[in-house]
Amino acid sequence: MPADQVIHAKEVLAVADGHTFADAAKLAGRKSSDAVAHLIVRFNREGLSALETRHGGGPPIRYTSVECERILREFRRAPDRRLDGTATWSLTTLQRALRRAPDGLPKVSTYTILCVLHEAGYTWQEDRTWCDTGKAIRVRKSGTVEVRDPDASAKKNSSSRRIL
């Protein structure tokens, strides 16, 4: 489980055992008794879903999974040199294509595109290309093979955070 969910669960269990909010916060390694009180109110209202991490402030998340999938679908399409003006996608050319498309996203930013691509496991390389993280092409005696790291998603999830 993610560390923040474990901490929230410890706080809820401590209050259920009869500890004060301040004691529950200390037992979970936190300082704020007010945060524990808010968590308990949310837990009583929502149940176990209150333990999940929610959006932490800032502008609201504007793009749903459908729109993120639209970005990925456009990214996976091979660019047309004449129509798109490029042989490989950059953030700007992908943004331009998404904004121009009839079913596209007219206000999508390059930052949002970058976040969606990183969430999908793609990284920008020094040779100005995108690389699917956790996948590599290896040369064997029998020819080239595609090798996948089975722990790629676990490694990605443990070190990245959602920033959309």
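Which helices do the buried residues of α6 pack against? They pack against α4, α5 (81–84) and α7, in a predicted model whose protein holds 8 helices and 4 strands. Read along the sequence, these elements follow the pattern α-α-α-α-α-α-α-β-β-β-β-α.

**Helices α1 to α3**

- Helix α1 (3–16) has 14 residues and reaches 20 Å from its first C-alpha to its last, close to the 20 Å expected at 1.5 Å a residue.
- The buried residues of α1 are Gln 5, Ile 7, His 8, Glu 11, Val 12 and Ala 14, and they pack against α2 and α3.
- Just after α1 comes Gly 18, which takes a positive phi of about 105°.
- Helix α3 (residues 33–46) also has 14 residues, and its end C-alpha atoms are 20 Å apart, which agrees with the 20 Å that it should span at 1.5 Å a residue.
- Within α3, the residues Val 36, Leu 39, Ile 40 and Arg 42 are buried; seen down the axis of α3, its buried residues fall within an arc of 170°, so they line one face of the helix.
- As background to such a pattern, an α-helix has 3.6 residues a turn, so residues three or four places apart point the same way.
- The cover over the buried residues of α3 includes α1 (3–16) and α2 (21–27), whereas the face of α3 turned away from its buried side carries the exposed residues Asp 34, His 38, Asn 44 and Arg 45.
- Just after α3, Gly 47 takes a positive phi of about 90°.

- Two packed helices are described by the angle between their axes and the distance between the axes.
- Helix α4 (residues 65–76) packs with helix α7 (residues 110–119) at an angle of about 85°, and their axes are 10 Å apart; that makes α4 roughly perpendicular to α7.
- Where α4 and α7 meet, Cys 68, Ile 71, Leu 72 and Phe 75 come from α4, while Thr 112, Ile 113, Val 116 and Leu 117 come from α7.
- The axes of α6 and α7 come within 9 Å and cross at roughly 105°, which makes α6 roughly perpendicular to α7.
- On the α6 side, Leu 91, Thr 92, Leu 94, Gln 95 and Leu 98 meet Thr 110, Ile 113, Leu 114 and Leu 117 of α7.
- In helix α6 (residues 91–100), the buried residues are Thr 93, Leu 94, Gln 95, Ala 97 and Leu 98.

**Buried residues in loops**

- Tyr 63 lies in the loop between α3 and α4, and because its relative accessibility is 13%, under the 20% cut-off, this residue counts as buried.
- Leaving aside neighbours within four places in sequence, Tyr 63 is in contact with Cys 68, Leu 105, Lys 107, Val 108 and Thr 112.
- Tyr 63 and Val 116 are 53 residues apart along the chain, and their C-alpha atoms are separated by 9.7 Å.
- Thr 86 has its place in the loop between α5 and α6, and at 15% relative accessibility Thr 86 counts as buried.
- A polar atom of the Thr 86 side chain lies 2.5 Å from the backbone oxygen of Thr 88.
- Thr 86 is also in contact with Pro 79, Asp 80, Arg 81 and Thr 93, when its neighbours within four places in sequence are left aside.

- Tyr 122 is in strand β1 (residues 122–124), where it is buried, with a relative accessible area of 14%.
- From Tyr 122 to Lys 135 the distance in space is 10.0 Å, C-alpha to C-alpha, and the two residues are 13 residues apart in sequence.

Terms used:
Residues are numbered from 1 along each chain as its sequence is written. This is a predicted model: local features need pLDDT of at least 70, side-chain atom pairs count only at pLDDT 80 or more; totals for chains, interfaces and linings use all residues. Side-chain values use heavy atoms; hydrogens and water are left out. Helices (H or I, at least four residues) and strands (E, at least two) are DSSP runs, numbered from the N terminus. The expected span of a helix is 1.5 Å times one less than its number of residues. Buried means under 20% relative accessible area, exposed over 50%, partly exposed in between (1.4 Å probe, protein chains only). The arc is that of the directions from the helix axis to the C-beta atoms. Contact means heavy atoms within 4.5 Å. Axes are lines fitted to C-alpha atoms, for helices over the stretch in contact, and angles run from 0 to 180 degrees between N-to-C directions. Angles under 35 degrees count as roughly parallel, over 145 as roughly antiparallel, 65 to 115 as roughly perpendicular and the rest as oblique. A polar contact is a pair of N or O atoms within 3.5 Å; within protein, one must be able to donate a hydrogen and the other to accept it, and residues adjacent in sequence count only if both atoms are side-chain atoms.
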